[in-house]
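Biologist: I'm new to this one and would like to learn how to read it. Could you take me through a few features, one at a time?

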Amino acid sequence: MTTMTMNRLVRWMLCAAAIALVGVARPALAAPTRVALTRMPDDTTGLGKLIAGALTDGDLEVVTHKKVDRAIERLGIDAKLTANRDLGKLASELEVDAILKAAFEHTTHRLRFRIFANGKQGKPFLIAVNGDPDSDKLRTLVRKTLVAKLSAAVPVDDKADKPDKADKPDKADKPKHGAKSKDTDDAAGEPVADAEQPGKADKAKRAARSKDADDSAKDSTKDSDDTAGDNAAGDKPAGAAAVDASASSGNAHHAAKHVATRDDDDTLISTAELHAAAPAVAGAHSANLDAVRVDLGASMSGRTLKFQANAGLASPPMPYKNAPVPGGRVAGELYPFAFGDPSRALAGLGIAGDFDQVAKLTLWTSAEGTVPLKATDRHYSVGVRYRLAFGHTPTSPTLTLGAGYEARTFTVDRKGLMSPTSLDLPDVDYRMYDPGLALRLPLGRHVAFTAEGRALLTTNAGPIQRPDQYGTAKITAGTASAGLELILGDRIAVRVAGEATQIDLKFSGNGMLSNSRDGNPATVDVHTAIDRYLGGSATLAVLY
């Protein structure tokens, strides 16, 4: 017997003795939860390696994407793994408790995950990638989030020891009662005798897995990701795998719960720690899917009022115009059903409102030029909204349908005038219903274009329609705005927008100021008026 053969025999004996001691010293330990990690598409950032490392930081066994790829090829199933049937076949082939699918959204800098366990896929969830994708902070967040999600997907209950039909092994793969199965290959690929001879189907499956182990061992020197994954996934010396294979499904489920409450330093993860990570997980509210938003800022508003009257009138109505005047604005939106999951259909239902008023506006009349006249220029609205999101990322466009009640007032305090008729400018107090649409189109993660249009179905124009003014009128009106929004962090946004409102009045001719200017009340002297408001706003928003 050569020296090399003797050394190899000694190594085998030491390995077998160590494994036997482990089996005696730790008979009650459950096998760690086995998780298959699929290949991440277009992973140019190294996040796939970070995810595998984050999972192996704990007690999880990770089957890396290369072994998953080989199993997919062996089974001849769709590599996209969208069907539960294909995922079930893959989970059975790899003998895992769960399959984790991951993808990185480059435009939104978020990791999207989905877990397949117990025969079905869970809802997708997101983790934001802020800053360095290889940071310890991100690695910790990924680990805490994934173990919590895996714990929820593979729960422990009274029936843990009774797997579902979908989880039951085939009869051909089931070892005889009392038998302890072992891997047939060690790290170098040499066979080792089993405690008892397994069935033919079991032999075939283990032979396929043995080939994976050989291939993984060859790849491990080229890919550090595979090295970490293969060591955690089952490419271990013979006998170590026997402990995993002999664990019941109930023990595996128990391990899932155990792992989900432990960090890599064996300390308990508190609910508060998981809550602290919540803003980065799916359900976090981006600017386009906020649950509540409050805007506060400055505004500008200018008005023109022009009349169309018969030519040759001795005293036609004078046009009015004031330059934009500064004011203040407050606005808010509330989507109460979006606090939980903003991607749900019901989450789009909400309410909104705004209030805007000019800070100070003073008018003068040539008839009494020494008397300052204070004017009030304000508008407000309140209504219901339904927001449609075309996607579930921060860069997804949204279209909001709305309807509500709106008022716009322009009145002048004439108390200081000797004669109220010295100012030939009618007061208005429009009351309107305002169905409309609002579009938010992100131009990137931090900039969005906004546009809104509303029809103003006017029910009353206020004092201008009194018999001693211009009388009744047919009114057509609308308002529109467009602007840009800058997203500053997760909770702050700045919006700058320009606005225009136009109200057209067609008089019926039954008011003193519309039919008596020529001395003949039987004819209409003033036919129409155009009341136009131009302005804009710059607001700071706090949102959640």
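Biologist: Let's begin with helix packing. At what angle do helix α3 and helix α4 pack?

Modeller: Keep in mind that this is a predicted model. Helix α3 (residues 65–75) and helix α4 (residues 84–94) pack at about 115°, and their axes are 10 Å apart. The crossing of α3 with α4 is right-handed.

Biologist: Which residues make the contact between α3 and α4?

Modeller: From α3 you have K67, V68, A71, I72, R74 and L75, and from α4 there are K89, L90, E93 and L94. Sorted by type, the residues of this contact come out as 6 nonpolar and 4 charged, with no polar ones.

Biologist: Now the rings. How do I read a pair of aromatic side chains?

Modeller: Two things describe such a pair: how far apart the ring centres are, and the angle between the planes. This structure holds 6 aromatic pairs. Take F113 and F125: their ring centres are 5.5 Å apart and their planes are at 20°, so this pair counts as stacked, the cut-off being under 30 degrees.

Biologist: Where in the chain do F113 and F125 sit?

Modeller: F113 belongs to strand β4 (residues 110–117) and F125 to strand β6 (residues 125–128), so to speak two distant parts of the chain, 12 residues apart.

Biologist: Are F113 and F125 buried or exposed?

Modeller: F113 has a relative accessible area of 0%, so it is buried. F125, at 4% relative accessibility, is buried as well.

Biologist: Which residues do ring pairs link into a cluster?

Modeller: Y470 and F507 are joined there by F307.

Biologist: Last topic: charges over rings. What sits over the ring of F125?

Modeller: The charged end of K149 does, 4.9 Å from the ring's centre. There is also R408, which lies over the face of Y533 at 4.4 Å from the ring centre.

How values were computed: Residues are numbered from 1 along each chain as its sequence is written. This is a predicted model: local features need pLDDT of at least 70, side-chain atom pairs count only at pLDDT 80 or more; totals for chains, interfaces and linings use all residues. Side-chain values use heavy atoms; hydrogens and water are left out. Rings of Phe, Tyr and Trp (its six-membered ring) pair if their centres lie within 6.5 Å; planes under 30 degrees apart count as stacked, over 60 as edge-to-face and the rest as tilted. Helices (H or I, at least four residues) and strands (E, at least two) are DSSP runs, numbered from the N terminus. Buried means under 20% relative accessible area, exposed over 50%, partly exposed in between (1.4 Å probe, protein chains only). A charge sits over a ring if NZ of Lys or CZ of Arg is within 6 Å of the ring centre and within 35 degrees of the ring normal. Axes are lines fitted to C-alpha atoms, for helices over the stretch in contact, and angles run from 0 to 180 degrees between N-to-C directions. A crossing is left-handed if the near helix is turned anticlockwise from the far one by less than a right angle, and right-handed if clockwise. Contact means heavy atoms within 4.5 Å. Ala, Val, Leu, Ile, Met, Phe, Trp, Tyr, Cys and Pro count as nonpolar, Asp, Glu, Lys and Arg as charged, and the others, Gly among them, as polar.
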